[in-house]
Amino acid sequence: MNNIRNFAIIAHIDHGKSTLSDRLIEKAGLLQKKEKIELIMDDMEIERERGITIKANTARLKYNFRNEEYILNLIDTPGHVDFSYEVIRSLGATEGVILLVDATQGVEAQTIANLYLAMDTGKIVIPVINKIDVKNINLDRIRNQIIDLGFSKDEILYISAKTGEGIDSVFCSIIERIPPPSGSTDAPFKALVFDAKYDDYVAGVIYIRVFDGKIKQKMKVKFYSGEKVYEVQEIGYLTPERAPSDKLTAGEVGYCIAGFKSLREIKIGDTLYNVSVPEIKPVPGYKELKPMVFCGMYPVRGTDFEELKKALLKLHLNDTSFEFSQETSNALGFGYRCGFLGLLHMEIIQERLEREFNLDLIVTAPNVKYKVVMKNNETAYCENPSKFPDTAMIDYVEEPYLDLKIVSPSFYVGSILDILNDRRAIQKEMIYLDCEKVMLEYEMPLTEMIFDFYDKLKSISRGYASMDYSNLHYKKSDMVKINILVNDEPVDALSVIVHKTKAYRYGKNLVKKLKEVIPRHLFTIPIQAATGSRVIARENISALRKNVTAKCYGGDVTRKRKLLERQKEGKKRMKKIGKVEIPQQGFLAVLRANEPE
C-alpha cells in the first residue's frame, strides 16, 4: 500500500486536464508512440466533438521512482460547472489532487471552486501551471495569482502537457507529496462505489475504491443500503480499458461485475462489503444533488415511449445527477419530466439520447422549481409551468437564487455589470485579484441564468470571463405564468413562468417567433400570449388561399363575391376542426424569447 497513490486532476474548463492525462498515460508506457491517440480519457464521441470532458474517467499507471515501482490511479475530471458533481465523486476515491492552471488565462472561477472542494475534503493539492510553451505569457502574474490562493512559490510546478515538458516532475511530486492510502488488507472487505457504467453484455459495471480488505472472484457481496446478495463475476483494473485481475486490495481502484440485473439496484456513493461480515461501518458517501433545471422530453413517435424509458434508465446509471418522472401533455402525449444540474447538462443528455439510442425527441423549454405558498398556508413546489396554481389561490411565490462568482479581465467589467443588472442580479462584492483581473460576487435568480446567460457572458467578454455558481436558496418574487394559445387552444408545453416586469416583452417576442416557425395552414391561426384571462400579445398567421376566382373572366361581380363568400365559410368550418402542428422549432423559440427585438 505504501507504493500506491490515488489522485485526480482538477481545473477550470479547457485548462488542459485531458491533455495532461494523455501525457501521463504515455509516459507510464500504456501507449506506444505509434498508437498515440489524443484525449484517451474522453472516450465518448460527444466529448471529442465538443472538446470538453463530461464523465470522469480512470486509469492505472505504473512509474519507477528511485528504483521502486509505484501504482498511480489517475482520475480525470470535467471542468464545466454543470459537471462539478463528477469532481466531488472523484475526490471521495483519492488522497490528493493536481490543480491545473492555464498559463495564458490564469486563475478562473472554476479553479477557485474546485480548489475549495479539495480543501474542504482535506486533500493534498499540487498546483501546476500548464501551457508554458505558449509565447508571450506572463508567468510571474500567474504565479502570484496562485500564491494568493495560499500556496508557496516552491510548491508550484511548470509544465507543457502538449509537448511533455515537466511531466516527470508531476510524477515525482505525486509520489513525494500525496500520502499513500490508509486502511488494512487484513480487515474485512469494504469499498466505495464512486461511479458506474452500463454495458450491453453484462448490464451494470461499478467502479470502486477499496478501503479495507480484498475482493476476489466468487466472493458474495452486497450494498450497505440494499438487501440483495451478489456473487462477484469479474474484477480488474482500468487502464483505462478494463483489464481483469484475480483480486483488488485495500487502497486500489478498479471495477467490479457482479450480475447487477436491474439498473436501479446500483447507488453511487454506497458501500460494497463482504456478506460474511455481519456489522460494518459504511464509507462516507456523497451529498444528494438536487436538479436545478427542468424540462419535458417527449418522443416524436408515441411508439418510442418505452424505448425512451429504457434509455433514461441506462443513462441514469452512468449519471445519477439527473432525475426523471413520467408525465402527460395534452399537446405532446406521454413523456418524462427531467431535472438537470444546468443547461449544458440538459443539452448533453438530450444529445446522448438522440445519438446513442436513436431517439427523435421534442424537448420543452427549460424552467426551474418554484416555491408556491397558498392562501391556506400550504406550500407546494412547482417545476412544471402547466401545473402552476391559479393566481387567485396563491399568497406569494419564491424563486430560486444562486450565489454567482464571475472572474473577468477588468476591461469588460462595465459590460458585465449591464447584463447582470438586466437579469435582476444583486451585487454582493467586487474583488480585484490583481491589476488585470476582477472577481464579481452576485446573487442572481436561476431563471435569468438558464436562458443564454453563459453565452452572453462569453460573448461580451470575448471568451475571457468565467463563472461558477453555488448555494441554491429561495427569495420572494413577483412571478406570473404566461399561457400560449394557438388557434384559441392553450398549448401547455409552451407555458412559461417569468417575472412580472418582463412578462409583456417576453410574451410579445415569443408570439413573434412562433409566427415565424409555425407553417401556414388553410385557415387563419391566431397566436396569443395571456397572463390569466388577460391577453398581452397577439400575432396572426394568415391562411393559405386558393385563387377561386381564377376561372371568372369578366361577367357579373356577384359571381366572384359568391365564390369568395363560400371560401370564407369553408375556412371558418375548417378553423373549428383544424389541428395546428407545432414543429420542434416552436418549442426552441421559447429559448430565444428573451432576446431583444
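Author: Asn274 touches Phe189, Met219 and Lys220, leaving out residues up to four places away in sequence; contact means heavy atoms within 4.5 Å. This is a predicted model, where local features need pLDDT of at least 70, side-chain atom pairs count only at pLDDT 80 or more, and totals for chains, interfaces and linings use all residues. Residues are numbered from 1 along each chain as its sequence is written, and side-chain values use heavy atoms, without hydrogens and water.

Asn274 is found in strand β16 (residues 271-274). Strands are DSSP runs (E, at least two residues), numbered from the N terminus. Is Asn274 buried or exposed? Its relative accessibility is 15%, so Asn274 counts as buried. The cut-offs are under 20% relative accessible area for buried, over 50% for exposed and partly exposed in between (1.4 Å probe, protein chains only).

Asn274 also has a polar partner. Its side chain joins that of Ser276 in a polar contact of 3.0 Å. Such a contact is a pair of N or O atoms within 3.5 Å; within protein, one must be able to donate a hydrogen and the other to accept it, and residues adjacent in sequence count only if both atoms are side-chain atoms.

Now the charges over rings. The charged end of Arg209 sits over the ring of Phe211, 4.4 Å from its centre. Lys476 lies over the face of Tyr396, 4.3 Å from the ring centre. The rule asks for NZ of Lys or CZ of Arg within 6 Å of the ring centre and within 35 degrees of the ring normal.

Definitions and conventions
Helices (H or I, at least four residues) and strands (E, at least two) are DSSP runs, numbered from the N terminus.
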